[in-house]
Amino acid sequence: MDALARLRGLIIDDPQGKDFRVHRDVFRDPDVFDWEMRHIFEATWVFLGLESQVPSAHDYMTTFIGRHPVVVSRDDKGELHCFINSCRHRGALVCHRAFGNRKYHVCQYHGWAYDSSGRNVHLKDREQAGYPPSFDKEDHDLVKVRKFAGYRGFLFASLAADVPSLEEHLGEARWFLDLIADQGEEGVECVPGRIVFRYRANWKMQLENAVDPYHFTSTHASYIQVLERRQKSAAADVPTSIYTNIRNAGIRRGSFAFARGHAAMWGDTPSPQARALFPSYESLVARHGEVRARWMFHTRNLSLFPNMQIAENASLQLRVMRPLSAGATEMAIWCIGPKGEAAEARRQRIRQYEDFFNPSGLATPDDVANYEDCQSGLAAWSIAWQQGHVRGFEASVAGADRFADEIGLQPERSLIGPVELGDETAFHPAYREWLRLIEAGLREDESRAHAAARGAT
Amino acid sequence: MSGAFSIDQVADLLYREAWLLDQQRWKEWLDLFAPDCRFWVPAWNQDHELVDDPDTGLSFIYYESRGGLEDRVWRAKSGTSVASTPLPRTCHQVTNIRCEEEASGRLRVRSAWNCHIFDLRAKEQHTFFGHYTHLLAADGEKLRIAEKKIVLQNDLITGFIDFYCV
């Protein structure tokens, strides 16, 4: 079967027939992983990091766009650049650290040197080289990514040039980034401490999990029980939690589906007084009005397709997903908070983050163990389809609901219900975008192959 | 050696701690700690720079009392934590023990550790390693842990970590 036909057999998206299904090969087939790298991660906007992570001249950070190692670097004029971390000569990495500050990036192999904008400024022993004139006409600068842009301090890039503007790509989901950025008068920053973990399962397990309210009470049962134990005990120095009292709070959960694969999940906060922002409530109302301040206190998980998530619930977490293979994923995670936050609020934010979000916390390890269990079970190749992706179908409405109206949001779909509704329709935008991008890429491959075949005859 | 305690007694405490962790005798492990103990596994900030202030930077684990460790022990044994069911088998090794007495009379003990972990769920094994700094204080005839700082040298985390992995 050709690639396009195989691809189309992996997602059933039939709103009229009220059906939505995801084939298990989506999570386990190495060919699918290759498509994802070429036609999603290396063909659309992906998240790189925060502008505040490279604040000064010549600061840099390294990360990946799909399989491409890249550098985000600030030049001497303060301008940001994103280039591929590979010397033009033999391909060696020119930056080795996750974060650093360097005016010049000198390749350790043969000494080709680049400045902090990626420009080649020195080619060792060039005068004696005997290069033909054609060599001098070539561009020897580090290869720039085709598109590189920021929105409210969040940096994104695309290896492909034929993408819409970043603002258009983010679309209505921008409202949720605004609500993060606006928490500090000067924006937000990463708390020091870089934590990276790897799990042995597909990256889309994490993609789903961020907007999955259904797993909470089963996967995080031990966390909820720990909170109940803490309520009964008198131990002073244990972290407070916004989830305290979750069983009795009667909370609602909503979701919004956006274009281009993005989605958000939101809900009432069982114990808002436990939020690090709580002492700032009045000033947030003064700055942003009652409605937006209230929304800052809702739990909100935002998933920006394909590789970035922000979870504001137990604390405030930024996640960057890096797929390594069909069965392995790397997660770089950050605690973020408003710049200039009061010391006690920052301490509380950090303790709550460690308690829940860390790979050494009381919640994330249980998510990860489940992802790995799923991947192990998906080895049963004879079972074709996942079940249950239609959960929430009957509650989902086209366009805005009254909550979207309240904040002037225009999502593609909205949903609201009790927490037990456990919506899974918020996963649909990601799979739709997944299919759209891979299909476009495979079509291009096909037409290129046809053109080549015509050229050969 | 330091005051009333010999280096052998200090080493014995560290070995006993490792043994109790590996035997999953975690109530007895908790008893080695003072109720107001500090337990700290800092995150790395840069390649060779640890987070030095737990109130302004991240830790993997940070508690200023035994209560947080008691929560973890309870959770690991609860049967409701997916990651802890089944529990992995572990083997801690502690070596390179050096001890100095502080002006307060407490002992600052530095050592190197590794922990081999056999994950029964994934049927995979991995190792974490690093350095410990224990602060030990006399409690009657015994030594108790007033503070334990665990530096995790290989902080690219495989799956997850908990108190029994470090």
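I began with the domains. The centres of domain 1 and domain 2 of chain A lie 35 Å apart, taken over C-alpha atoms. I noted at once that this is a predicted model.

**Entry 1: where the domains run.** I looked up the bounds. Domain 1 of chain A covers 46-149, and domain 2 covers 171-439.

**Entry 2: how they touch.** I checked the contact next. Domain 1 of chain A puts in seven residues, and domain 2 of chain A puts in 10 residues. Which strand gives the most to the side of domain 1 that touches domain 2? I found strand β3 of chain A, residues 46-50, with three residues. Then I sorted that side of domain 1 by class. I got five nonpolar residues, two polar ones and no charged ones.

**Entry 3: an open sheet.** I traced four strands of chain A in the order β6-β5-β4-β7. They form an open sheet, and the pairing is antiparallel. Which strands sit at the edges? I wrote down β6 (80-84) and β7 (99-101) of chain A, since each pairs on one side only. From one strand to the next, the twist averages 30°.

Entry 4: I zoomed in on β4 (residues 59-65) and β5 (residues 68-74) of chain A. These two strands run antiparallel, and six bridges join them. Met61(A) stands opposite Val72(A) in β5(A).

Entry 5: I moved on to β11 (residues 147-151) and β12 (residues 154-158) of chain A. They also run antiparallel, with five bridges between them. Here I saw Ala149(A) opposite Phe156(A) in β12(A).

**Entry 6: the whole chain.** I stepped back for the totals. Chain A has 14 helices and 22 strands. Along the principal axes, the C-alpha atoms fill a box of roughly 80 × 55 × 40 Å. I also looked up burial: 46% of the 457 residues of chain A count as buried.

**Entry 7: contacts along the sequence.** Last, I took the contacts in chain A between residues at least 6 apart in sequence. Of these, 64% join residues at least 24 apart.

Note on methods:
Residues numbered from 1 in each chain as written. Chains lettered and ligands numbered in written order. Predicted model: local features only at pLDDT ≥ 70, side-chain atom pairs only at ≥ 80, totals over all residues. Domains from an automatic or database assignment. Contact = placed C-beta atoms within 7 Å. Nonpolar A, V, L, I, M, F, W, Y, C, P; charged D, E, K, R; others polar. Pairing = 2+ DSSP bridges. Axes fitted to C-alpha atoms, helices over the stretch in contact; angles between N-to-C directions. Buried ≥ 20, exposed ≤ 12 C-beta atoms within 10 Å, placed from the backbone.
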